[in-house]
Amino acid sequence: MSDEAQPLGAAPAGPRPAFGLIVAVAIFAALALVPLVSGVWGGGWLTSLAIRAMIFAIVAISLDLLLGHGGLVSFGHSAFVAIGAYATGIMITEGVYEMALILPVAIGAAALFAVAIGAVAMRTSGVSFIMITLAFGQMVYFALGSLAQYGADDGLTLWSAPDVFGTSWLASETGVYVTVLGVLVATWALVHAVVGSRFGRVLRAARQNPTRVAAMGYSVTRYRLVAYVIAGVIAALAGVLWAVHAEFVSPSLGSWQRSGDLIVMVVLGGMATRNGALIGALFFVLIEEALSSITHDWRLIFGPMLVLIALFARGGLAGLLDRVQGPR
Amino acid sequence: MSEVVLQLEGLRKAFGALVVTDGVDLDLRRSECHALIGPNGAGKSTLIHQISGLLSPDAGRIAFEGRDVTHLSQAERAVAGLGRSFQITSILPEFTVLENVALAAQMRDGSSFRFFRPAAREERLNARAMEALGIVGLGPRAGLVASHLSHGEKRLLELAIAVAGEPHVLLLDEPMAGMGRAESATLTETLRALKARYPILLIEHDMEAVFSLADRVSVLVAGAIVASGTPDEVRVDARARAAYLGEDHVAAP
């Protein structure tokens, strides 16, 4: 030990904060321009695509809190989206149009569900954790499919947009667009703050070495459970937005394939990076749209792309972007 | 005789048919260093794991500062004041050295269920962490990512983490494992300084360190204590010599 200059690795891990912020602002600005562009080219198709991409980005960012930062491979995350969407669909079907009532119900249901699953799943780790979250996700999927009075497997059409404190803000596409973008930016900022906070530090430390963190005096399970609830609630919020945007909800929102897609988005974009989940989700939805317009078997093209990215872009797309920025 | 802070009574632990802790009675008193020695496989680490709560004993009782902690979780025991280091280096490899220690300090500084303020910029936590790093001599390495430390430095980081948690006692599991001679000598002096602040239960194979630091020495063989006393008593104890100490150790002053 000496006072020599700090050797390699002395810089904080991860991308330079300023660069990550610039990338995020650029992405949000580009998304804000979409409604203007759609007036000239693309029309409703373009805004609808962007809304879908942004909703997935919200969910992916929430999943990254668990997957990337917490090391918790939740394979049932889409269940929370479905819970939020169905809370909205069912309440509107039952004549409750006020968002101020729908939101607390959606959030409360997701939080309750997260606590229930989490209390069981957090006792395990690794493959068991994956299996338990998958199993609970499937339970939600089949439970929603059995709701005969709410469309069962065929899903449920929302005949009316919800009110927001008595206004019809969410009845226009612009209103929905601005709201989804706003929630996306807020989610991005919130998850980032949480990751850097005291709570986030315990969560990130527990991913690296849970035994050490417990020996320091932290009840690891409690921190993980809280992270699970936060991520679940955010995903449910995205589900509410989905229902409002699509005016239709179906059990397939909560299918395990969708949970898998969400994991792919996060890994593809770069786990536990500032913008990885955001970039991964946008990229995934855009590529899906582009490729599926060419061929029905678009996954045959998408699969090899994933393999290439996994092989050559360690740290995902965000890591790639970081390298483009040049060496530190 | 000064006050007993940690007391083990009839502790017993078996893995299947293998009894690794066989009715151990042991105590640690205020302001002493009690060394636990014994051959490899004697069950020393298993004993520390039971005291710190990583393993739970099959039978027996652990009292800490007059309170029965036998059924507390590892985290609860750490909060109660049982700080420990691990034989096999157990740090947070992706965090900086500073953040490793600041996280330990954070445990003593109000709630960790705070979600917004950047923890890395909390000056009070960083100052506490730097203080602990200063004690073990790792101050200049604070900004380094922990996985880039040398082995010896990681051992010191272990100790700094334990100290930053403001323990009431230190359970040190072979702090000198894998260290060079010079490093061990330096660490011995660091531990001598720490001894003034905390009672220390020390597991160590470095006999030079043990006999220079310990006020009492207990010898663990096959899960049972076969000898216990001052270093001088243990040095000449026939059972201890037979079980563990080589003749050269005994002959050494």
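Biologist: Which residues does R212(A) touch?
Modeller: Contact means heavy atoms within 4.5 Å. In this predicted model, R212(A) touches R84(B), S85(B), F86(B), S90(B), I91(B), E158(B) and I161(B), leaving aside residues up to four places away in sequence. Residues are numbered from 1 along each chain as written, chains are lettered from A in the order written, local features need pLDDT of at least 70, and side-chain atom pairs count only at pLDDT 80 or more. Totals for chains and interfaces use all residues, and side-chain values use heavy atoms, with hydrogens and water left out.

Biologist: Is R212(A) buried or exposed?
Modeller: Buried means under 20% relative accessible area, exposed over 50%, partly exposed in between (1.4 Å probe, protein chains only). R212(A) counts as buried because its relative accessibility is 1%.

Biologist: What does the side chain of R212(A) reach at 2.9 Å?
Modeller: That's the backbone oxygen of S90(B).

Biologist: How many residues meet between the two chains?
Modeller: 48 residues of chain B are in contact with 37 of chain A.

Biologist: And how much area do chain B and chain A bury between them?
Modeller: Buried area is the accessible area (1.4 Å probe) that two parts lose on being put together, summed over both. Here that's about 3,500 Å², with 57% of it on carbon and sulfur atoms. L103(B), F113(B) and F115(B) supply 17% of the area chain B buries against chain A, more than any other three residues.

Biologist: How many salt bridges are there between chain B and chain A?
Modeller: A salt bridge is a side-chain nitrogen of Lys or Arg within 4 Å of a carboxyl oxygen of Asp or Glu. The count here is six; one of them joins E99(B) and R204(A), at 3.7 Å, N to O.

Conventions
Polar contact = N/O pair within 3.5 Å; in protein donor to acceptor, adjacent residues only side chain to side chain.
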